[in-house]
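Please keep the structure open while going through them.

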Amino acid sequence: MKNFLFIFLFAILFDSIHAQRTQTLFEENWKFLKADIQDGEKETLNDNDWRTVELPHDWSIEDLPDQSDSVTGPFTSKSIGATATGYTVGGTAWYRKHFILNNITNKKVTVYFDGVYMNSDVWINEHHLGNHPYGYTPFYYDLTPYLKQNGENIIAVRVRNEGKNSRWYSGSGIYRHVWLTITNPVHIEQWGVCITTPKVSETSATINIQTTIVQNDQSNQSFKLRTKILDSKNNIVAIKENNFSVSQSQNSTINQIIQLSHPNLWSPDFPYRYHTVTEILQGDKIIDHFVTGFGVRSISITADKGFLLNDKPIELRGGCVHHDNGALGAATINRAEERRVELLKQFGFNAVRTSHNPPSQQFLDACDSLGIIVIDEAFDMWERAKNPEDYHLYFDTSWKKDIDAIVLRDRNHPSVIFWSIGNEINERADASGLVIEKNLRDEVKSIDSTRPVTEAICHFWDHPGYKWDTTAAAFALLDVGGYNYLWKEYESDHEKYPQRIMMGTESVPQEAFENWQQVERHPYVIGDFVWTAMDYLGETGIGHTSLDSTRGFQLQTFPWFNSFCGDIDLIGGKKPQSYYRDVVWNRSKLEMLVHAPVPEGHTEAVSYWGWQSEFPSYTFDGAEGKSLQVHVYTRYDAVRLVLNDKIIGEQNASPQTKLTATFTINYQPGVLKAIGLQNGKAVDSVVLKTAGKPARIRLVADRTHIHANRNDLAYITAEVLDANGQVVPNTALPLHFSVSGNGEIIATGNADPADAESMQQPQHKTFEGKCLVIVRPKGNAGTMKLKAEGDGLQADEVVITVE
């Protein structure tokens with residue numbers, strides 16, 4: 001069956017004219033085959049029996065055939081990537097799309113991919129357009145010379161995610177958005193608008209706008225470039241016009257400088273965004289237009305004053321994230337990207353490091369709008385391998401185009417403050433690595449000189465015998481030095497290199513207090529980024545706890561599939577270390593967690609990236625009379641602990657105790673209360689109650705009104721409650737889901753790192769009393785109703801309005 005693309009002209013409301021650029025999501029009705037075949041690009045190939053998929057698409061999260069004890073959902077114990085990729089499967093696959101374009105005479109047609117993992121080849125009507133190895137950078141091709149006007153066209157994409165090529169879950173396929181763009185011969189170049197704000201104050205700002213124009217027209221004609229700046233309410237606040245002429249087929253760049261009076265400045269607390277509308281006019285006719293979002297803000301970073309944003313000091317409460325969306329795999333659905341940023345903001349982060357690759361455009365859009373500062377990272381390796389088939393095979397021939405794509409695409413995002421050129425690079429301090437580092441830095445600076453360049457540097461575990469000071473030459477090439485797990489080096493390095501600016505680009509939760517003390521004490525330490533802000537697929541169990549083991553780097557084997565080291569769990573829940581971090585960051589004055597019983601004669605071992613097995617709950621069936629440890633994290637002078645109205649004791653808390661008061665109790669079901677004392681007076685309290693038996697289900701939607709758009713989603717948490725409406729935290733019960741109306745279930749999941757099961761079936765077990773359902777609108781307005789059922793439990797329903 002042939003699939004057709006219809007191109008619609010969009011109306012632009014700023015003038016009563018017809019826009020001449022069309023940019024359309026090119027994502028419906030792709031044919032997909034998970035196999036490596038010969039001549040998959042041929043027009044004569046019959047793809048009728050191929051599966052029809054919608055982009056973005058990640059085949060690695062899909063259920064595998066032949067389910068068994070060793071193959072569950074998308075996971076298999078025989079995965080080539082094994083622990084690194086969470087026991088998922090890559091391989092080779094083909095995508096094909098049939099489409100017709102009408103009325104494209106004297107037009108330019110391009111296809112744009114924001115990300116394909118990995119090693120993609122693209123053909124149009126059997127013409128090979130190119131190969132793109134790196135799985136995280138955008139790329140585009142000119143289709144114009146090979147298109148059939150008023151006839152069927154076939155675009156084919158081969159994707160090869162082969163061998164061991166990643167240290168984490170990458171996903172597989174065309175997992176980010178794809179657009180088809182049609183322009184006139186004279187048009188604004190892809191990524192051709194660059195906006196900087198070289199002078200910024202509360203009373204005025206200088207806006208420098210550089211526009212590159214493609215001139216595929218041999219005639220001698222005159223044109224006008226018109227740029228409008230609009231505020232967040234779409235009011236025009238400034239206009240600039242320049243005349244230019246086309247006399248030959250070449251690109252030209254036009255600089256425009258615009259002054260804004262009393263601008264609204266972008267910051268994490270006030271993420272105000274402007275946008276430009278850039279238009280090319282021929283006479284009175286607009287022949288191209290392009291919209292670019294931006295923010296007005298200034299950056300200053302020095303060792304003596306620290307990081308100043310808009311001349312105000314800011315400390316980076318940072319977290320590292322990988323790019324997957326949990327149960328959705330790597331698929332970049334807009335709402336999924338936005339929700340991740342919302343969760344970061346909700347749990348106290350004001351900065352994120354996109355480890356270890358550039359993120360999607362939609363992730364950065366969300367950081368812009370919600371106010372999260374970004375370290376935009378390029379590479380996990382350079383010339384030396386971390387895996388046999390990773391990017392090192394392509395680095396020498398691809399690094400420049402990939403760096404260019406990252407910086408050109410992302411340079412207008414106000415949230416992007418730092419460019420990172422690498423993470424824990426093997427050759428980081430060797431002569432060859434220093435040459436590469438300089439080349440990367442210089443290439444970034446040639447495109448964008450307004451932002452600092454950093455690199456995440458670790459100790460020499462991979463080069464025994466190297467001394468730490470060997471890194472001095474590498475740090476000297478950077479604007480900001482990234483330190484992975486090396487807070488103990490800050491003060492001594494400052495004595496040797498007093499102008500060096502430092503930030504912790506990776507740290508572990510157990511050292512949250514020590515890392516943040518360095519940030520608070522020293523302006524030259526501008527922030528700390530924990531590994532990680534969120535749980536992610538792959539690197540299985542690096543954040544685990546166990547009995548009678550040794551602390552260190554210990555990956556957990558199948559059926560473990562996620563890292564379990566994040567402050568936020570895989571379905572968006574708050575993990576124990578996040579409660580402690582709230583107190584460290586002074587977001588909360590008082591938090592209480594209770595440690596799970598440790599069997600007599602055993603000790604608990606916490607991995608390097610892990611956290612002890614404690615919970616913000618007080619339900620431990622079968623532990624009556626057994627000894628439990630209670631941690632109260634506080635900024636108050638002292639804490640009083642009360643169990644069932646009986647005082648257990650009082651303890652002081654201070655920086656000397658890492659803001660922690662520790663009590664030992666014998667478990668008795670009931671009510672546990674921690675009281676914060678200031679100057680001897682009770683000023684605050686936290687209460688935990690023992691839950692009863694499971695009685696009913698409660699469905700909680702993140703939003704009850706969503707858009708009738710395939711890029712919107714409803715995230716619905718299913719909770720198992722007792723008769724009093726309290727979550728029963730020790731339940732692992734199977735729940736079954738059904739949906740009616742204008743929606744469909746696209747994923748289910750829980751936060752259990754070792755529960756390798758399907759994330760695409762309409763049922764899932766709870767973990768700590770909860771699981772997640774993700775529902776997607778079909779595209780039409782109306783309602784969708786989700787129902788949850790479980791044996792012996794009262795069912796629940798939630799209605800989502802789609803509009």
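1. Helix axes in this note are lines fitted to C-alpha atoms over the stretch in contact, with angles running from 0 to 180 degrees between N-to-C directions. Helices themselves are DSSP runs (H or I, at least four residues) numbered from the N terminus. The model is a predicted one, in which local features need pLDDT of at least 70 and side-chain atom pairs count only at pLDDT 80 or more, while totals for chains, interfaces and linings use all residues. Residues are numbered from 1 along each chain as its sequence is written, and side-chain values use heavy atoms, with hydrogens and water left out.

2. Helix H7 (residues 512-521) packs against helix H8 (residues 576-584) with the axes 10 Å apart and at an angle of about 25 degrees. The two helices, H7 and H8, are therefore roughly parallel to each other, a term that covers angles under 35 degrees. H7 contributes Ala512, Phe513 and Trp516 to the contact, and H8 contributes Tyr580, Arg581 and Val584, where contact means heavy atoms within 4.5 Å. By class, this contact of H7 with H8 has five nonpolar, no polar and one charged residues.

3. A second pair is formed by helix H3 (residues 395-410) and helix H4 (residues 431-447), whose axes come within 9 Å and cross at roughly 30 degrees. That angle makes H3 roughly parallel to H4. On the H3 side the residues are Phe395, Trp399, Lys400, Ile403, Asp404, Val407 and Leu408, which meet Ile436, Asn439, Leu440, Glu443, Val444 and Ile447 of H4. The contact of H3 with H4 has nine nonpolar, one polar and three charged residues.

4. Is Glu443 buried or exposed? Glu443, which lies in helix H4, counts as buried because its relative accessibility is 14%, the cut-offs being under 20% for buried and over 50% for exposed, with partly exposed in between (1.4 Å probe, protein chains only). Not counting residues up to four places away in sequence, Glu443 touches Trp399, Lys400, Ile403 and Asp404.

5. The largest nonpolar core has 117 residues, and those with the most contacts inside it are Leu344, Ile373, Phe379 and Phe418; such a core is a set of buried Ala, Val, Leu, Ile, Met, Phe, Trp, Tyr and Cys residues joined through side-chain atoms within 4.5 Å. Apart from this core lies another, of 29 residues, including Trp59, Phe113, Tyr141 and Ile174.

Technical notes:
Angles under 35 degrees count as roughly parallel, over 145 as roughly antiparallel, 65 to 115 as roughly perpendicular and the rest as oblique. Ala, Val, Leu, Ile, Met, Phe, Trp, Tyr, Cys and Pro count as nonpolar, Asp, Glu, Lys and Arg as charged, and the others, Gly among them, as polar.
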